[in-house]
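Please look at how the chains of this model meet one another. The questions below take up the contacts in turn.

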There are 4 protein chains.
Amino acid sequence: MSEKLKTPMIVVNFKTYTEATGKKAVELAKQAERVYKETGISMGVTPQFADIRAVAEAVEIPVFAQHIDPIKPGGFTGHVLADSVKEAGAVGTLINHSERRLKLADISEILSISREKGLVSLVCTNNPSVSVAAATLKPDIIAVEPPELIGSGIPVSKAQPEVITDTVRLVRKVNSKVTILCGAGISHGEDVAAALKLGTQGVLVASGIVKAKDPYAVLREFAEASKY
Amino acid sequence: MSEKLKTPMIVVNFKTYTEATGKKAVELAKQAERVYKETGISMGVTPQFADIRAVAEAVEIPVFAQHIDPIKPGGFTGHVLADSVKEAGAVGTLINHSERRLKLADISEILSISREKGLVSLVCTNNPSVSVAAATLKPDIIAVEPPELIGSGIPVSKAQPEVITDTVRLVRKVNSKVTILCGAGISHGEDVAAALKLGTQGVLVASGIVKAKDPYAVLREFAEASKY
Amino acid sequence: MSEKLKTPMIVVNFKTYTEATGKKAVELAKQAERVYKETGISMGVTPQFADIRAVAEAVEIPVFAQHIDPIKPGGFTGHVLADSVKEAGAVGTLINHSERRLKLADISEILSISREKGLVSLVCTNNPSVSVAAATLKPDIIAVEPPELIGSGIPVSKAQPEVITDTVRLVRKVNSKVTILCGAGISHGEDVAAALKLGTQGVLVASGIVKAKDPYAVLREFAEASKY
Amino acid sequence: MSEKLKTPMIVVNFKTYTEATGKKAVELAKQAERVYKETGISMGVTPQFADIRAVAEAVEIPVFAQHIDPIKPGGFTGHVLADSVKEAGAVGTLINHSERRLKLADISEILSISREKGLVSLVCTNNPSVSVAAATLKPDIIAVEPPELIGSGIPVSKAQPEVITDTVRLVRKVNSKVTILCGAGISHGEDVAAALKLGTQGVLVASGIVKAKDPYAVLREFAEASKY
């Protein structure tokens, strides 16, 4: 992974929120970049496919696709080709987000494609045992998120700290290199600090930033909380 | 539909072909635009999601997304939001291509969204009876394509002319306005002429153009064949 | 359709409720049969795949599968073959229930298979325009159910009567033969009477019967309400 | 696992073949049972859902479902509930067959349900690394099958022996207990012997038996080849 993906890292998932679509995606990415420049904490952003190019042209922080399909170039109308998001400026991709769950064989294939294309792979998982299974497939990053907490405002680090600690403990038995993030319900700096204290190397966050009145302020708070 | 979508029309589906990805997508779209300017025959192009913006900025002909999801803005990681492709420059979208078949209820929902957002809707179908079902949902355009002929080089107008004539005849009983295209295996001007003669108002074409040695020449041939 | 499927008809969807699994599926089907014998009102039941045989052996009323796949015999592990449910005793099948939505092309294919195999086809739909699209594909029966009312206890005939009247009115423009049912939230005899009064020929019901303390009593109430 | 599932074992996947549907499913299962009784080699059969009950009533060898869904009892029309196939007589289930690939999170959930219900779990995989990922989820059995060889008549043990040896070697690093089978293209006794020699504990076979002129003879040959 590139220098800009050193840990701790904060990855902001833009999803398909209005506040993170089109011009607003570019604005939000710039806020994340500003926090990166001010604090040195790694920031990643995941705009929608059609916004990758504009975002990647506007900022220097890593841009991830939200998904790629397990395909090679060819007749796959409506699919997302790795080459396409890469040429548009993505340096990596989310895989298997809880809102875009994938078949096991497809995750394996997408990871092969990501390695071949030099894309950073971030596989989302829903519990410790799925995290272990995913970790054996050697992604660059995994992010464990209990689906029921996504968008809830209740941080996983408080509601289900054992999900994080079990994930870290069990994943390390099969994969010593993968970067481990957690997500779901993270909306304050203390949630980020708690996540790091529980053994992760960063967070995957969405509505906590995208829907915030002042995304810059919250991201800055997250970054400061990541320093200790 | 806009002036630029008057019939006859030729819609070039870029799929996820290498020859139509990234910079090459922009090049190919420019060839289609050139033919439009030289002949006055309507040309549409359907680049991949991540290429919509660059293509739409480069050409004046209509740009279609290859797919949109039946979603409103919100928590839908890895999905394709109508607002996103529209802001990137798409004026319409393919729906239900044989390589991205959709649930009936989702086609209905996507058509509602397309109307609400002012996107031109082009629903793909696989046979006359499915064409009729789709036509009752009031899309702007339907394109009937027997899946087994897609990419075959054997034109539907020759192999299964009754698919076209039945589609035109039966669709007109339930929908007098929808533009009817056909596709699959179209690679020569005579195939386009045959399609129009059988009652369609244009063609949906992919590999016949994208994989051609000289896409401009073939598109020009198609356009000339559309004039009579 | 067989004599036993004359209208008005009441189709009880067993779903995967514990109260309608295994032996309990057989018991419930017998209650429906008893009501049929006492009232003469047509009753259909839709047990789970693994219960079709036992239910069909136990009762004389029509047994439907809950789904079949768009496949011919062959290598399709984990799929549901028409021949299989037919040989087990099913005389028909639900298609496209809101909990098992299908692609448009697959609905079309399943209807072809149903006709070929002599299975009664009951296509579920979610709104009037989807009902029209489905009706053009010539199923034997359609059942319109607003998904948000399923299992709600709020009858569609009260909450959204226009869904029913629009469906009946618009479907009749394209298909004069199809039997039209409605469903969702139906739990009292008056809901059934209202559905018939609004122009349907029966109801598709699930939790209102399956979860009732005395399914026989409620079904009997439904049947009596169907007589006028 | 039960006594009847001791290794080596031969699991015959009935798929949706005509030769293994309805009465023919019962006949075929009886042939497998006969070979078990004559040779003592474990035999499992996987009839279609609607045939589970009749097959389980007819034979004493273990009957597997071809798939179950990641659901609890409730409103899931057209789905396959563990309780349902269990009450019908299944003692286990295939999971994630290449013709019914599943999402990673769903495989995890189905395995939890299988354990809770006491069903033997047999997870199919397509290559060594997916086998390792699946093995970390602690199924009872995994069966690795290169999809391109399924139904080919070319045995995996000959065409891609390294798929088998890599699977055995890598899976054993994370799971010492799981039974490892292989499949795809197996049609002769020597293929079975080769599979066992390469470190597996049995085979998953479909067309090699189901489509054989004399399934009993071929199964008997498989069983004899398993003895050494």
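## Two interfaces of chain A

Q: How many residue pairs are in polar contact across the interface of chain A and chain D?
A: The model is a predicted one, and the pairs counted here have both residues at pLDDT 80 or more. Across the interface of chain A and chain D, the residue pairs found in polar contact number two.

Q: Which helix gives the largest share of the side of chain A that touches chain D?
A: Two helices of chain A, α4 (104-117) and α5 (128-135), each supply at least two residues of the side that touches chain D. The largest share of that side amounts to five residues, and the helix they come from is α5(A).

Q: How many residues of the side of chain A that touches chain D are nonpolar?
A: Chain A brings 18 residues to this contact, and chain D likewise brings 18 residues. On the side of chain A, six are polar and two are charged, while the number of nonpolar residues is ten.

Q: What area do chain A and chain D bury between them?
A: Between these two chains the count of salt bridges is zero. Carbon and sulfur atoms account for 73% of the buried area, which comes to about 1,400 Å².

Q: Why can chain A and chain B be described as related by a rotation axis, and of what kind?
A: Chain A can be laid on chain B with an RMSD of 0.0 Å, by a turn of 180° with a shift of 0.0 Å along the axis. The two copies are therefore related as by an axis that is a two-fold rotation axis.

Q: Which residue of chain A comes closest to the rotation axis?
A: The same surface serves both copies, since 100% of the contact residues of chain A recur in chain B. Of the residues of chain A, the one that comes closest to the axis has its C-alpha at 2.2 Å, and this residue is Ala50(A).

Q: What area is buried between chain A and chain B?
A: Here 36 residues of chain A are in contact with 36 residues of chain B. Thr16(A), Ala50(A) and Thr77(A) lose the most area in chain A, together 23% of what that side buries. Carbon and sulfur atoms give 52% of the buried area, which is about 2,800 Å².

Q: Which residue of chain B forms a salt bridge with Arg53(A)?
A: Between chain A and chain B the count of salt bridges is two. In the one formed by Arg53(A), the closest N and O atoms are 3.1 Å apart, and the partner is Asp51(B).

How values were computed
Residues are numbered from 1 along each chain as its sequence is written. Chains are lettered from A and ligands numbered from 1 in the order in which they are written. This is a predicted model: local features need pLDDT of at least 70, side-chain atom pairs count only at pLDDT 80 or more; totals for chains, interfaces and linings use all residues. Side-chain values use heavy atoms; hydrogens and water are left out. Contact means heavy atoms within 4.5 Å. Buried area is the accessible area (1.4 Å probe) that two parts lose on being put together, summed over both. A salt bridge is a side-chain nitrogen of Lys or Arg within 4 Å of a carboxyl oxygen of Asp or Glu. A polar contact is a pair of N or O atoms within 3.5 Å; within protein, one must be able to donate a hydrogen and the other to accept it, and residues adjacent in sequence count only if both atoms are side-chain atoms. Helices (H or I, at least four residues) and strands (E, at least two) are DSSP runs, numbered from the N terminus. Ala, Val, Leu, Ile, Met, Phe, Trp, Tyr, Cys and Pro count as nonpolar, Asp, Glu, Lys and Arg as charged, and the others, Gly among them, as polar. Copies are superposed by least squares on the C-alpha atoms of residues with pLDDT of at least 70 in both.
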